[in-house]
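User: I would like to learn how to read the features of a structure I have not seen before. Could we go through them step by step?

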Amino acid sequence: MSDSLRNLRGAIDAALVDLRALRITSDDDAAQVKAVLAQLEIEEARLAGLRLQLVGEAQLAGAAAAMDQVRNSPRTTSGQAAGVLRLGADLADRFWVLAEALTEGSISVAQAQAIIAGLKRLPVALGRAELEACQRQLLGYCDELGPAELRMAALRMWELLDPDGAEDLEAARLQREERLAKAGRAVRLTPDHHGSMRLSGQLPTADAALLQAQLDALMPPASSYMDEGEVPSPEARRADALLRLANIAAASGDVPAQGGDRPHVQVTMPLSLLTDGLGAAGVFGFGGETISAGEARRMACDAGLIPLVLGSDSQPLDVGREYRLVPKGLRTALTHRDQGCVFPHCTARPAACEAHHIRPWWAGGDTSMHNLVLLCPHHHRLVEPDPERAPEWQWEIRIDEATGRPLFVPPRHVDPVRRPRQHRRFTLQEMTAPPPDEAPVCPEPDPWKPPADDPWRHKDSLVLGVPRPA
């Protein structure tokens, strides 16, 4: 063991020397760094898997000194140490398939923890064969899904293995939780005697979701606080939104519809600005302030447009009727399909998203499900087509003909091969049950029996008050 560790330390030292000499001066250097990072992730997982295997073996053997080393190491917190001991025991006991995957470097420690946490929360205890099949099935998604998604995928395993039983258990669980949530609903206003009231409480999920949608619709943008010198936190802005909601209710007796309607902003621009990308758009009521062509194109993706014909001296000659590009019904269908921002890994909710035309409407794109996706404002700006740049150097969006779901093709500087990507939430929806008896299952161990000459056997009999065997 000592020789192996010395060799490992020497290999790491040599790798550090090579990496310190690495410089990123070209695309080839960047590609090399990318490959090195991927390899380091694998080796890091393998080392972590080896450590967890040793921790698990130490616990099974009752090696108190080894476990004390983990608990009292100054390199970790007590919570981290407890997590290592718990994960090591789990991998050594029932999740040996994940333990093998860790030592091979095919998954990370975080992914293994997520899968175990999800499988432990299933409504019934899985047998050894079922548990192994679930682990192998989930390992097939580890190249696509992160820890959070893998935990959700593990929770779905019972639903896929026994749909009828899972449906009944889930219905009973939901009814029980709804009763408890309704009984436990509360809002408390407590004075802190320092000029403030502390607001706390809890609401059932459905009611809380409605309130959250109203607050999201009324939350002031960060830019509205620029004059104050310091932008408040999202929590402070949400408090301002709650006060807005209270003021609206007090003044009119009405509250905004779920998701609300966007504030009306008048932006003036020539049609050529949208088609050729040159120039700037004016924002009415802001003292001649202008915005870029790209920002104007983004705003025009999902807005109310009113054509205005101007004379030679900019006098209004004719005002047309407002045409809203994405009507309410279509946006509802879009929300049902996309469930939030569809840019890979983004977690923005539908109420915070905008409808984006894949092919811009000013370039002939229609307003239909096959030409629309939901994007948060940040990713909307990122993917909005720029007429002055070549397509291969921009993000492109396609609708998969087989699934009807959005795919994102990265620009060449992000991925030279330009492999399409999709949001992880869609991968979760496409999961299927593990095929039966596909992989060899570890045989069930024979029940353990103490040897006849085991002195502890007789001692236990005395303690329990059972006569010793003859």
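Analyst: R418 counts as buried because its relative accessibility is 13%, and the cut-off for buried is under 20%. This is a predicted model. R418 sits in the loop between β13 (406-409) and α17 (424-429).

User: How many helices and strands does the chain have?

Analyst: There are 18 helices and 13 strands in the chain. Of its 470 residues, 29% are buried. The chain exposes about 30,400 Å², and carbon and sulfur atoms supply 56% of that area. Contacts can also be sorted by separation along the sequence. Among those between residues at least 6 apart, 54% join residues at least 24 apart.

User: How do I read a nonpolar core, and which residues touch the most other members of the largest one?

Analyst: In soluble globular proteins, nonpolar side chains tend to be buried together. Here the largest nonpolar core has 36 residues, and L91, L119, L138, M157 and M431 touch the most other members. Elements that give two or more residues to this core include α2 (27-61), α4 (78-93), α6 (109-120) and α7 (128-139). A second, separate core has 23 residues, among them L325, C346, C353 and V373.

User: Which residues does L138 touch, apart from those up to four places away in sequence?

Analyst: L138 touches I115, L119, L150, A153, A154, M157 and M431. Of these, L119, M157 and M431 were named above with L138 as touching the most other core members.

User: Is Q111 buried or exposed?

Analyst: Q111 is buried, with a relative accessible area of 10%. Its place is in helix α6. Setting aside neighbours within four places in sequence, Q111 is in contact with C142, L145, P147 and L150. L150 is also one of the residues that L138 touches.

User: Which residues form the nonpolar patch on the surface?

Analyst: The patch consists of L5, L8, I12, L16, L47, L50 and L54, which together have about 580 Å² of accessible area. Helices α1 (2-20) and α2 each supply at least two of its residues, and the largest share, 4 residues, comes from α1. L47 is in helix α2. Its relative accessibility is 40%, so L47 counts as partly exposed.

User: How should I read a pair of strands, and how many bridges join β1 to β2?

Analyst: In a regular strand the side chains alternate between the two faces of the sheet. Strands β1 (residues 186-191) and β2 (residues 197-202) run antiparallel and are joined by 6 bridges. R188 stands opposite S200 in β2. The hairpin of β1 and β2 has 5 residues between the strands, and H193 in this hairpin takes a positive phi near 60°.

User: How do I read a salt bridge, and how many does a search of the whole structure find?

Analyst: Side chains of opposite charge can pair when their charged atoms come close. A search of the whole structure finds 8 salt bridges. In one of them the side chains of E132 and R136 meet at 2.9 Å, N to O. E132 and R136 are 4 residues apart in helix α7, so about one helical turn separates them. E132 is buried at 3% relative accessible area, whereas R136 is partly exposed at 32%.

User: Where do D216 and R349 lie?

Analyst: The side chains of D216 and R349 meet in a salt bridge at 2.8 Å, N to O. D216 lies in helix α11 (residues 205-218) and R349 in the loop between α15 and β10, so the pair ties together parts that are 133 residues apart in sequence. D216 is partly exposed, with a relative accessible area of 22%. R349 counts as partly exposed at 41%.

User: Are D338 and R337 buried or exposed?

Analyst: Both D338 and R337 are buried. Their side chains meet in a salt bridge at 2.7 Å, N to O.

Conventions:
Residues numbered from 1 in each chain as written. Predicted model: local features only at pLDDT ≥ 70, side-chain atom pairs only at ≥ 80, totals over all residues. Heavy atoms only, no water. Core = buried A, V, L, I, M, F, W, Y, C linked by side-chain atoms within 4.5 Å. Buried < 20%, exposed > 50% of the residue type's maximum accessible area, 1.4 Å probe, protein only. Contact = heavy atoms within 4.5 Å. Patch = residues over 30% accessible without salt bridge, like charges linked within 9 Å, V, L, I, M, F, W, Y side chains within 5 Å. Areas by Shrake-Rupley, 256 points an atom, 1.4 Å probe, with all protein chains shown as cover. Salt bridge = Lys/Arg side-chain N within 4 Å of Asp/Glu carboxyl O. Pairing = 2+ DSSP bridges.
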